[in-house]
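Please look over the sequence and the model below before reading on. The paragraphs after it go through the fold step by step.

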Amino acid sequence: MRESVWERAWATLVAAGVEQRFQPGDTLLHQGGRPSHVLLLLAGRVKALLTLPDGQVLLLAVRGPGELLGEMAVLDHDDRSATVIAVDPCVTRVLSADRFRSLVRSSGVEQELLRRAMRRLREGEEWRAETAALPAGPRVVRALLRLAVPGGDGPPGVGLGQSEIGQAVGLSRGVVAAELARLREQGVVATERGRTVIVDLPRLRALAASGRGSV
């Protein structure tokens, strides 16, 4: 499917939705909740969290503008599989489940949605495999690449705390802090309160490709 078809469908969905804004820390969707609606994220970032039966919380992904939120539960008529929380001030459009399904059918983008869902599943499988197999350094390096967002005129960064990065890769806050300190000493990243800025993106990518957390 050509991208222009998806762009037209996205514009149609946005036009049909009702604006809803969220502040950092607000919950957009609840794990286990009924799939009553879909959110279209126009501005800001959100994080998707999975709470396991033992109470452990895993960070599944960070999503930015242009993403659909909650669409798979709506299409599957199933409960929400994760909780979605605003990282930044967010602007969304809300569509009821019935309205969303109707517009998807009329726009002919079912296959595109399926491809996007499968891509997310593959990303999740790769992430889980890395968490199980790689040592701490490479896990943190690859997490920074996955979680980074463009910084406007500045360098890309990860607007998450060390505990949240640890949730993404199954590491404690202390281990993440130690790995970030090593990257900072190498001039690859700079750290601020609740944020990691990628100073040398090519080198970070090289570290990720090499499978090592430091050189």
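The structure is a predicted model, and the values below are computed from it. Thr83 counts as buried because its relative accessibility is 16%, where the cut-off for buried is under 20% relative accessible area. A polar atom of the Thr83 side chain lies 2.9 Å from the backbone nitrogen of Gln31. Once neighbours within four places in sequence are left aside, Thr83 is in contact with Thr27, Leu29, His30 and Gln31, and also with Lys47, Ala48 and Leu49.

With a relative accessible area of 0%, Thr92 is buried. In this case the polar atom of the side chain lies 2.8 Å from a backbone oxygen, that of Gln20, whereas for Thr83 the backbone atom concerned is the nitrogen of Gln31. Leaving aside neighbours within four places in sequence, Thr92 is in contact with Val18, Glu19, Gln20, Phe22 and Leu28, as well as with Leu39, Leu40, Leu41 and Leu42.

Between helix H2 (71-76) and S7 there is a loop, and His77 lies in it. Its backbone deserves a second look: most residues other than glycine have a negative phi. His77, although it is not a glycine, has a positive phi of about 55 degrees. His77 is also exposed, because its relative accessible area is 52% and the cut-off for exposed is over 50%.

The helices come next. Two packed helices are described by the angle between their axes and the distance between the axes. Helix H4 (residues 110-133) and helix H5 (residues 136-147) pack at an angle of about 160 degrees, and their axes are 10 Å apart. H4 is therefore roughly antiparallel to H5, since angles over 145 degrees count as such. The crossing of H4 and H5 is left-handed. On the H4 side the residues that meet H5 are Glu123, Glu126, Trp127, Glu130 and Thr131, while H5 contributes Arg139, Arg142, Ala143, Arg146 and Leu147. Sorted by class, the contact of H4 with H5 holds six charged residues, three nonpolar ones and one polar one.

H5 also packs against helix H7 (residues 173-185), where the axes come within 10 Å and cross at roughly 75 degrees. That angle makes H5 roughly perpendicular to H7. Here Ala136, Gly137, Val140, Val141 and Leu144 in H5 meet Val175, Val176, Glu179, Leu180 and Leu183 in H7. The residues of this contact divide into eight nonpolar, one polar and one charged, whereas the contact of H4 with H5 has three nonpolar, one polar and six charged residues.

H7 has another packing partner in H6, and the axes of H6 and H7 come within 8 Å and cross at roughly 105 degrees. H6 is therefore roughly perpendicular to H7. Gln162, Ser163, Ile165 and Gly166 of H6 make this contact together with Arg173, Val176, Ala177 and Leu180 of H7. By class these residues divide into four nonpolar, three polar and one charged. Within helix H6 itself, which covers residues 162-169, the buried residues are Glu164, Ile165, Gly166, Ala168 and Val169. Gly170 follows H6 and has a positive phi, near 70 degrees.

Helix H8 (residues 201-210) contains Ala208, which counts as buried at 10% relative accessibility. Not counting residues up to four places away in sequence, Ala208 touches Val141, Arg142 and Leu145. From C-alpha to C-alpha, Ala208 and Ala143 are 9.3 Å apart in space, although 65 residues separate them in sequence.

The last stop is Gly187, whose place is in the loop between H7 and strand S11 (189-192). Gly187 is partly exposed, with a relative accessible area of 35%. Apart from residues up to four places away in sequence, Gly187 touches Val199 and Asp200. Gly187 and Met72 are 115 residues apart in sequence, and their C-alpha atoms are 40 Å apart in space.

Definitions and conventions
Residues numbered from 1 in each chain as written. Predicted model: local features only at pLDDT ≥ 70, side-chain atom pairs only at ≥ 80, totals over all residues. Heavy atoms only, no water. Axes fitted to C-alpha atoms, helices over the stretch in contact; angles between N-to-C directions. Helix = DSSP H or I, 4+ residues; strand = E, 2+ residues; numbered from the N terminus. Parallel < 35°, antiparallel > 145°, perpendicular 65-115°, else oblique. Left-handed = near helix turned anticlockwise from the far one by under 90°. Contact = heavy atoms within 4.5 Å. Nonpolar A, V, L, I, M, F, W, Y, C, P; charged D, E, K, R; others polar. Buried < 20%, exposed > 50% of the residue type's maximum accessible area, 1.4 Å probe, protein only. Polar contact = N/O pair within 3.5 Å; in protein donor to acceptor, adjacent residues only side chain to side chain.
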